[in-house]
Each structure stands twice: as C-alpha cells, then as structure tokens.
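Open the model in your viewer and keep the selection tool ready. This tour goes stop by stop: select, look, move on.

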Amino acid sequence: VAIKNSDMIYLTSNIFYPLFYEYKYKIIGSTHTMYFRNSGVGKMLEVTANLGLWDFRFMHVFPSYEKYFRNSRIFTIPLGVDTSIYKPAEQNNSEKVKLLFVGGLDESKGIDIFLKVHDILGNEKYEYHVVGRGGMESEVAKRQGIVYYGAVSEDKLAEIYRLSDVLVYPTRSDVYSTVVLEALSSGLVCIVS
C-alpha cells in the first residue's frame, strides 16, 4: 500500500527492479548500484539488472555515465550536496589535527589504510574520527584513540565534518564520491585516492 501510494521509488539496488515493475514509471534507478564485482552470481545479477535500465524513466547517474542516458525518456539527477547543511565551522580551536574517515568500513573504501595511518602517526598530534559501518568495525573499535561514531544522521554527519580538519579517504572503488563533496563544502582539506 505504501509503495502504491508513493510518488517515487528510489532503488538502492537495481536488482530489485522486477519487484516494482508495475510501478516502473515511479522508479528512480541508479548507476551507483550497477556493478557487482565479487561473484558469478553477482555478474548474473548485474546483467539482469542492466537489461531493465532502459525501462527506467529516471536515473541517478554519475556525471561520467550521463552520456549513456541521453534517451528522451530518461532524466539524470546530478550529484551534489546541500550547502545549507554541509558548511564550514566558524572556528576550530583544537590543538590536534582531526583526521576523519567517512564511508563503508571495508577495504574497498580504504579503512585499512586509514588504520595504518593511525598506527604510524600515533595520537600525540592527531585525533582520528570514523563514521560508517562494515566488516572492519571491530578493527576500528579496538584501536586506542579513534572516536568511532557508527552510522549517523545527516545533521550529525555535517557536525562531525565541521569539527574535523582533514578528510582521509583512500578509497579503492569510488569514481566520484559525495563524501569528498561534503568534506569540501565543510571546509576540510581532503586527502583522497
């Protein structure tokens, strides 16, 4: 009933498309969820999901994929951040440099590299802050001197950005990350791969 009464349905993964086919004119698909790299089953799901892409009226796409969706039935939704929420702090008087990681806590996002930075630089001159969830949560939680927030609301995330100095985001998988845009909008120096 909630789906039937919804104006739009945003798919967090395009593989769910067949479940919502009767509402296809309400669906926003995404190129962010197109690629599955880990298994044969993932490859099969990727092909199945992509066959349905051309039925979507709306697509949330990365700028580099926009050229593939110039069909008159498909609208692209550019990435961006709300600068009324993500904005610099007026003043930051911390004695230590606050390093921030935001993202999935797995190797594809580079949390393992962030943890190595922590181990090498230590806690004397730096504070370490981590936002996110994932398979390496226990590795993050057991490190002394890391403030771990878990998953947070958008308002809390914006506050954490404002209290930080540097975003360290050594991702191995992102092409165009909103995390970097949020950090830049919040006045942080960004060290990214």
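A salt bridge here is a side-chain nitrogen of Lys or Arg within 4 Å of a carboxyl oxygen of Asp or Glu. A search of the whole structure finds six of these salt bridges. The model is predicted: local features need pLDDT of at least 70, side-chain atom pairs count only at pLDDT 80 or more, and totals for chains, interfaces and linings use all residues. Residues are numbered from 1 along each chain as its sequence is written, and side-chain values use heavy atoms, with hydrogens and water left out.

**Stop 1: helix 2**

Select residues 111–121, which make up helix 2. Helices (H or I, at least four residues) and strands (E, at least two) are DSSP runs, numbered from the N terminus. Which residues of helix 2 are buried? Colour Ile 111, Asp 112, Phe 114, Leu 115 and His 118. Buried means under 20% relative accessible area, exposed means over 50%, and partly exposed lies in between (1.4 Å probe, protein chains only).

Now look down the axis of helix 2. The buried residues fall within an arc of 160°, so they line one face of the helix. That arc is taken from the directions from the helix axis to the C-beta atoms. On the other side, find Lys 116 and Ile 120, which are exposed.

Next, show what covers the buried residues. The cover includes strand 5 (97–102), strand 6 (126–131), helix 3 (137–141), strand 7 (146–150) and strand 8 (166–169). Contact means heavy atoms within 4.5 Å. Then step past the end of helix 2 to Gly 122, whose phi is positive, near 75°.

**Stop 2: Asp 112 and Arg 172**

Select both side chains. They meet in a salt bridge, 2.9 Å from N to O. Arg 172 sits in the loop between strand 8 and helix 5 (178–185) and Asp 112 in helix 2, so the pair ties together parts that are 60 residues apart in sequence. Asp 112 has a relative accessible area of 13%.

**Stop 3: Asp 119 and Arg 143**

Stay on helix 2 and select Asp 119. Its salt-bridge partner is Arg 143, with the closest N and O atoms 2.9 Å apart. Arg 143 lies in the loop between helix 3 and strand 7, 24 residues from Asp 119. Is Arg 143 buried or exposed? Arg 143 counts as buried, at 18% relative accessibility. Asp 119 is partly exposed, at 46%.

**Stop 4: helix 4**

Select residues 154–162, helix 4. Lys 156 and Glu 159 both lie here, three residues apart, about one turn of the helix. They form a salt bridge, the closest N and O atoms being 3.5 Å apart.
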